[in-house]
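Please have the sequence and the model at hand while reading.

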Amino acid sequence: MAQTRSGSKLLWDVISYAVLVLLALVCVFPIIWTFLTSIKVEEDIVTREMVYFPTRFTFDWYVRLWSQSGYPVLVMNSLMVTSLTVLICLLTGTIASYAFSRFHFPGRTQLMLGYLVVRMFPAVLMIIPLFIVMRQVGLLDSTHGLAIAYTSFLLPLFVWMLKGFFDAAPKELESAARIDGSTRLGAMFRIVIPIARNGLVATCVFVAIAAWNEYLFALMLTTSQGSRTWPVGLQLMVGEFQLPWGMLAAGGMISILPVIVLFAIVQRVMVAGITAGAVKG
Amino acid sequence: MSRAAYPPPRTIWDGINPIRMIGELSETRYWMYLLLLPSAMLITAVVLYPTVYGMQMSFREMRLNRPDLGTDWVLFKHYARMLADPIFWTSLRNTAVWVTSSIALEFLIGLIAALALNRNLPGTKLLAVLILLPYFLPNVVAGHMWALMLDPRMGVINDLLVKTGLLVGYKAWFADPATAMAAAIIVETWHSFPFFTLLIMAGLKGIPADLYKAADIDGAGALAQLRLITLPMLKTIIAAAVILRVIGLVNSPDLLLILTSGGPGRSTQVLSLYAFQMAYKDFNFGYAGALSVVMFVLLMLFAWAYIRLSKVNQD
Amino acid sequence: MTIRFDRRSMLKLGGGALAASALLPRTAFAQSTSINYWHTFTSQSEQAGLDSVMALFKAAHPDISVTPENIPNPEFMAKITAAVVSGSRPNVTMVSSERFRDLLAMGALVDMTDRVASWERRSDFDNSRFDSISLDGKVYGVPGFAFVDWMYYRKDWFDEAGIAVPTTWAELRDAAIKRSDPAKGRYGFGLRGGPGGQNIIINMMEAFGSPVLHADGSIGLDRDKAIAAVDFFAGLLVKDGAAPPSAANDGFRQIIEGFQTGQTAMIYHHTGSYQDIASKLKPGVEFGTMAIPAGPGARVARLAYAYNTITKEEGADAAWEWIKFWGEPDAAVAFLEKTGYFPASTVAAQDQRIIGNPMYAAAADTLAFGIPQPSFPGAAGWAESSVLPNFQRVLIGEATAEQAVDDMIAGLAEAIA
């Protein structure tokens, strides 16, 4: 019996490796190709015969992109919008999600669905009225205004997702703390949130990514270079598909850069969260 | 009120200490509503007016480039037009194909990747980073990367397929209705399946290892464990992920806007794109509003039915 | 009779006084005027052209700083709509003729009749240059530069095969078929069936004798002639095999790259892409330029202008300086040399640097017979959301020319209803 068990484990290990390597290749290939394109000279890109490896290396595309796009400003704007969005979600969404997870009260289901319904109205048509509101309160064309607009559809995502993680956190520890005389507030911050930390980080990552990548709202709610985000800046440069491929590829590569930095940081926190969870388990 | 559970204030500081005050509040029966208040207020402030405004537009004549027509109420004129509009029906069908195929592929690949990664085999941490990478790219970047790779003249995918003998000559993927939608779905899947991987991975960490040990002892195989333990335990997370992703796919025209603009012909025209074009190319905000309301209602129906069927709210 | 000081006349008086006071201290405040300029330039050569005009302007008007905001064509109408609805418009906006009526109807444009009438360079421009930016005797903009339709062809291939430069669409079709060799991946004509192709299709219909609207604003599309046009044009791909199979998704980038890499022998565009082509192929040797051929009904080559318009009362004086500057011959020629776009000013177009260059002869000829694009509210939307997709349906074999034209006519009826 033990023999077959370890035999099947080995089989699944092999399958896992195969699947993961294949997926990783599929995921990374476009990025590698983009990188290769970004260091090719124009003659190697616009050509009749496919050139796989550059005959001549060039960093010209990066230099031109840097000088034309105002990349540092755009990325700073994106970072600003993203962190503001995450912050607002953390402050208001965590407690809401906790309430949905831990309490059964009249109107709970309806309210939860209400949060979801908010996300459902098409952005295409919310933009014009939102534009008018933002202008009235003086938040148009500002990173703050954009972050608040993002919150409107990312907060429900945050709440719904986090509720799943709160649900998964065992209720016994909390009850124990309550018996020991802790208030609900104390139990929430000292027991439940630390246990669900793992999920909290994952949820924040999702919201951050969604805010970082968002295009339609950012396009419509910002006008000047001073508040434009990176995806919009890049797309506007691409314009009617007229940007040279090499420069476009360079743009793709440097939009991965901040993401990798963020990922390196988050990965640490996530691993820490996971090990903490393992101790608990 | 259950305030008695809390010791009475002893000093003046206790009387004004904000944490203590909130702590006391947390013992009242309004506590959950207080917790919900900030987020509910924020959402209402930002969403309510635009949504109501958008909905009332659908019952008005509203063509920005035709001020001569005025902005009178027209009741259900736009909805009536929609029923007779073949482009609407095409878009509806395409939306169904676009959303169901993308969701199915994304969920399946996302689940497989998460299960494989959750085995914590040595060296898979790096693979995890690589697999999650596409999700971190903006739609705009992902769209253009694939547009380059699928280009009918200098696309590397064409070249690879021709060199390996799978294809006779370069193919114009986005100029053929038979492949345009499929190519767009592949790009979308590539970009978004890590959403499911990330969520499911996080969910898997929350399943107690004892359950699997018990199942092992009972002699349940890997597939049985998946069916009997993993999927049921992940129910809430999967349900939330599917609903959120469906909403995203139905409402966001970004990727198709970059890859095909709905073409060739109307073969990749979806509702969100149609509403976008109606509003910002034809300036017919009334009709665009009606299209949006229909999308909204369809999403509501879907969410309601899905939550009913998956019984996620009965925990 | 008593003088009635009603609200309206008070406002008028007050407005006049305000306008006068705005003029007076102009020199004192001029130091700090800054305006923003929304434009639709995107290609590298266009960007370079704008940079050189801005550098010249800066030297001439150190007191005005211009902040350009690049809004590419696909996003342009969405952005300007949002800006108009919410009242956050730019000072100066570049408006192409097909968008004029939509923007005017939205109330985005400021009346410039008086400014234009008293402009010292007004006589440099033919009256017709202002046709596509005027309505009911009011002028709303000044042409910055011209879009002159023409074609590029592979001179070396034509010479080698002894093919004459076509002057009619029928001749072009013959030449395209002769130069096509699908087995080698060569095609005679780079058909633009993707983004931006809609205008060429409309031109074809008009060349076959079927204008979009009659002068009185009623539908001018003649079903039979329009069908013949669509059948002929799509036929270049579906019947003759003389266009790349990717045509249904080929936009600007694709037709240019197809021509640059030697996939296609002829493409239809305007002079604005001249420098892009010349950067890859040798002018006069590898490629030549030719005027748009004549159709059975008419010879249709568009002569359109990019107009600069004032879109905000605030800072209008500084905006006017910037708009006028595009009419200076030095600025116009500097722009041409970086891009290939023709000057809108008749005087600037006579500059030796232009008439001395044989490659520009086809464009100079076109100035004589080129006609403006059809312009009515909803024109751009109809072209993009009805003409183009219906034409694509013919290209991919999903519809016949008859079905496509019927849908286009129905779409037009809806747009002007």
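The sections below go through two contacts between chains and then one contact within a chain.

## Basis

The structure is a predicted model.

## Chains A and B

The contact between these chains involves 83 residues of chain A and 80 residues of chain B. On the side of chain B that touches chain A, helix α3 (residues 31-57) of chain B gives the most, with 15 residues. By class, that side of chain B has 57 nonpolar, 17 polar and 6 charged residues.

## Chains A and C

Here 19 residues from chain A meet 25 residues from chain C. The side of chain A that touches chain C divides into 11 nonpolar, 5 polar and 3 charged residues.

## Domains of chain C

Chain C is assigned domain 1 (33-147 + 304-369) and domain 2 (148-302 + 373-416). Taken over C-alpha atoms, the centres of domain 1 and domain 2 of chain C are separated by 27 Å.

In the contact between these domains, 25 residues of domain 1 of chain C touch 24 residues of domain 2 of chain C. On the domain 1 side, α5 (97-106), β6 (142-154), α14 (329-339) and α17 (361-369) of chain C are the elements that give two or more residues. The largest share of that side is the 7 residues from α5(C). By class, the side of domain 1 of chain C that touches domain 2 of chain C has 12 nonpolar, 7 polar and 6 charged residues.

Terms used: Residues are numbered from 1 along each chain as its sequence is written. Chains are lettered from A and ligands numbered from 1 in the order in which they are written. This is a predicted model: local features need pLDDT of at least 70, side-chain atom pairs count only at pLDDT 80 or more; totals for chains, interfaces and linings use all residues. Two residues are in contact if their C-beta atoms, placed from the backbone, lie within 7 Å. Ala, Val, Leu, Ile, Met, Phe, Trp, Tyr, Cys and Pro count as nonpolar, Asp, Glu, Lys and Arg as charged, and the others, Gly among them, as polar. Helices (H or I, at least four residues) and strands (E, at least two) are DSSP runs, numbered from the N terminus. Domain bounds come from an automatic or database domain assignment.
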